[in-house]
Amino acid sequence: MAAIRVRFAMDENYRVAHLDDNVAVARWLLRSGACSEIYVLDASDRLVGSVRDDGQEWQDGLTLADVLVPAGPETITHPDADIKELEAIFRARPSWQSVAVVENDTILGVVHRGVMARVDARDPTAPNEEGVPASLYPQLLDAMESGIFVVDERGIVRLLNRYGADLLGVDRSTVQGRSYEELAQYIFPHMLDYLRISAVPGAIAAGARAGERQVQVASGREILFKFGALTGSEWRRGVVVTFVDVTALKGAEAESRERASEAERAFGLTLPNSKVESKLRSSVEYQDVFDPKTGRAVVVRIIPDGTYRHVINGLRIMADLKELGVFQLVGIDKDTVVQAFIFHDLGKEQPRLEVGQEFLPTSTFEPGHLHAARSAEWALREYRVSPEAALLVRHHHTEEPNLPDSFPVALKPMYRLIRLVDGLSASVTRRNGLVTLVRLEGSMLEVHEDNRDERYDRRYRISLYTGASLDCEHSRRAP
């Protein structure tokens, strides 16, 4: 039985105070019924202990530093710990109603004593007295919405369920108890295909533990087969194979790829000439895993034409913005924004990194304002972009408070939009993020970003007219 992790049961609502708070603060919180314990943080917001309602009387003038119970390994728990480990803490401290959940000295939540009553106390190693009657096994197999067959060590088909027989178009009574080759003819178009592709003979002979194959069977359907080794007292070696029909999925994937290719070709037509496309395609981008503690990152993938991908993804996002009506807002001109975004990274020069290489982003990459300035100059000189588009390109890496006084107020909505699209496209391109543009209310745009990197996993609303940004009520995605 899998353990229940502490993070699954913790409560993120708890009361905190600080070391230098007067005991009067704790007295009021505890006696007012607001809570039964207060967790005490130091100046760096690290958990250092707790103060609890044990009926004690404190002298006036003391601080919480004088009366707290220090936090230690025996009084706190980790979010990935087994919740059963808390039983010893609660047993040793009968008056405690909660235990702090701590990671890297930071309190994440608490687990309440009452939660422990919900944890199944049965011994997971105890035998199942009832079990599943053997008479139900055939019914269970035939109730499965996936195929399964079993081949023994001699290559004899010992079992094929009803769904699997129907999927392969075979009468199972004609193949059960027979050589696997008699079933294989319904899977592979020819004996040579069977000998080249099938994993079953090799798994029996060599004892391969697991694997998979995707095969277009004789009926024309695409079937995904997964196999695993069987060992036991009855057989020295056997193979169990489960399989499902992925025809519709493969068709959807092909259609999706074709649509993406069509969209890319269509967006590519917005590029002014092949020289611009070539420059963008020659600029690499990197996918990396970032460590917020050290500020360093490790390269996990190189995207050879990454800047081109970044621009194309940004143009796709702009197409979604158009559907929402963003380009109908006063002060936002679609042609200017699109023109600026096409050229915004034209002058980018990237360092050459390798997969697995660790780097410090702040010192590895050229400061953004430098390539922004180059891009603006080239866009003006070589491609005669509008002065407004050139200004947007020049300042797309400039924080709004740092914009020069000469920057036109009328361009700020487009400036904010360019920066938003740049960030969203970077999330999609460099971090495999999912961006959902939810709604536009007035000039307020709601955006949802789903990303494994917590820095870019958020829900927020941003005003294109004022720049004000507000986290949505549920700012992090649900698991």
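Q: What makes the second largest cavity count as a cavity, and what is its volume?
A: In this predicted model, the second largest cavity has a volume of about 50 Å³. A cavity is a set of points where a 1.4 Å probe fits but cannot get out, so this space is called a cavity rather than an open pocket.

Q: Which residues line the second largest cavity?
A: Its lining is made by Tyr39, Leu47, Gly49, Ser50, Arg52, Val69, Pro70, Ala71, Thr75, Ile76, Trp96 and Ala100. Strand S3 (47–52) and strand S4 (69–70) are the elements that give two or more residues to this lining, and S3 has the largest share, with four residues.

Q: How do you know which class each residue in the lining of the second largest cavity belongs to?
A: Let's take a few examples. Leu47 and Trp96 are in the lining, and Leu and Trp count as nonpolar. Overall, the lining has eight nonpolar, three polar and one charged residues.

Q: How many cavities of 30 Å³ or more are there, and how much space lies in the largest?
A: The count is two cavities of 30 Å³ or more. About 110 Å³ of space lies in the largest cavity. Of the 14 residues that line the largest cavity, Ala199, Val200, Arg213, Phe225 and Val241 are the closest to its centre. Strand S10 (210–216) and strand S11 (222–230) each supply at least two lining residues. By class, this lining divides into ten nonpolar, one polar and three charged residues.

Q: Why is helix H12 called roughly perpendicular to helix H13?
A: Helix H12 (residues 274–281) and helix H13 (residues 306–324) pack at an angle of about 115°, with their axes 5 Å apart. Angles of 65 to 115 degrees count as roughly perpendicular, so H12 is described as roughly perpendicular to H13. The contact is made by Glu277, Leu280 and Arg281 of H12 and by Thr307, Tyr308, Arg309 and Val311 of H13. These residues divide into three nonpolar, one polar and three charged.

Q: What is the predictor's confidence across the protein?
A: The mean pLDDT of the protein is 86, and 89% of its residues reach 70 or more.

How values were computed. Residues are numbered from 1 along each chain as its sequence is written. This is a predicted model: local features need pLDDT of at least 70, side-chain atom pairs count only at pLDDT 80 or more; totals for chains, interfaces and linings use all residues. Side-chain values use heavy atoms; hydrogens and water are left out. pLDDT is the predictor's confidence in each residue, from 0 to 100. Axes are lines fitted to C-alpha atoms, for helices over the stretch in contact, and angles run from 0 to 180 degrees between N-to-C directions. Angles under 35 degrees count as roughly parallel, over 145 as roughly antiparallel, 65 to 115 as roughly perpendicular and the rest as oblique. Contact means heavy atoms within 4.5 Å. On a 1 Å grid over the protein atoms alone, a cavity is a set of points where a 1.4 Å probe fits but cannot get out, and a pocket is an open set with protein on both sides within 12 Å along at least five of seven lines; lining residues have an atom within 4 Å of a point. Grid points are joined across faces, edges and corners, and a volume is the space filled by probe spheres set on the points.
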